[in-house]
Amino acid sequence: MAYSIESRPLNLKAFSMMDIYKYSERFSKQSGNRSILTKLRKGLKLFRDKFVSSISFSEPEFQGNGFFTVRAKVRAQMKTRVVYYPSADILPTCEILNARCTCPAGKDPAFCKHTFALLHAIDDYIKKEMFSAPIEKLQTWHQPRPTKKDPTKASLLFKCRCTKTPTLDSNKFALKKVRGIFATPFAETIISLNKNRIV
């Protein structure tokens, strides 16, 4: 039975980047391929760009084989609608036994960037100790934060030095400036209304 890491903690508390390096080193020795560091870097970029989702795992007791099987969905980098499903078999001692992926490069054992994106996600989960996050507490992100309101006069905020109250005569000079190309029918209507009031 597979559990989501959001609903049940993944008990690989000693998992670290060293376990990922050991797994990649094993591939380099087997194949003589030195491009593994590039795939490690690309996997980290996929993880940081949030291409990894829906991480789940099966426990050793349920499988009867002595290791955790961790799975995830990883979106393809170039094709928007394609999703790959990498998985990794990890011992309780945090040694990575094997990995697989549904991508073309993800043969058994898989050393593709999607596999490394999953392994980086597990490492981040352990580093941030998300396994000990309280899930009984209700989320509060939708509730507005309390604000402290301090009523202040606008004159103090803007440091206005005006002491005169505006009158109709003081506004007529401002309206006379709005003529020519910048004049609108509304502005001209107000100017003509002011002329009629003055007369």
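Visitor: How many bridges join β2 to β3?

Guide: Happy to start there, with a note that this is a predicted model, where local features need pLDDT of at least 70, side-chain atom pairs count only at pLDDT 80 or more, and totals for chains, interfaces and linings use all residues. Residues are numbered from 1 along each chain as its sequence is written, and side-chain values use heavy atoms, leaving out hydrogens and water. Strands here are DSSP runs of E with at least two residues, helices are runs of H or I with at least four, and both are numbered from the N terminus; two strands pair if DSSP finds at least two bridges between them. β2 and β3 run antiparallel, and the number of bridges joining them is five.

Visitor: Which residue of β2 is the bridge partner of Ser-4?

Guide: Strand β1 covers residues 2-4 and runs antiparallel to β2, with three bridges between them. In β2, the partner of Ser-4 is Ser-56.

Visitor: Is Ser-58 buried or exposed?

Guide: Ser-58 sits in strand β2, which spans residues 52-58. Buried means under 20% relative accessible area, exposed over 50%, and partly exposed in between, with a 1.4 Å probe and protein chains only. Because its relative accessibility is 4%, Ser-58 counts as buried.

Visitor: Which side chain does a polar contact join to that of Ser-58?

Guide: A polar contact is a pair of N or O atoms within 3.5 Å; within protein, one must be able to donate a hydrogen and the other to accept it, and residues adjacent in sequence count only if both atoms are side-chain atoms. For Ser-58 the distance is 3.2 Å, and the partner side chain belongs to Arg-71.

Visitor: How many of the seven residues of β2 are buried?

Guide: β2 is paired with β1 through three bridges and with β3 through five. The strand is mostly covered, and of its seven residues the number buried is five.
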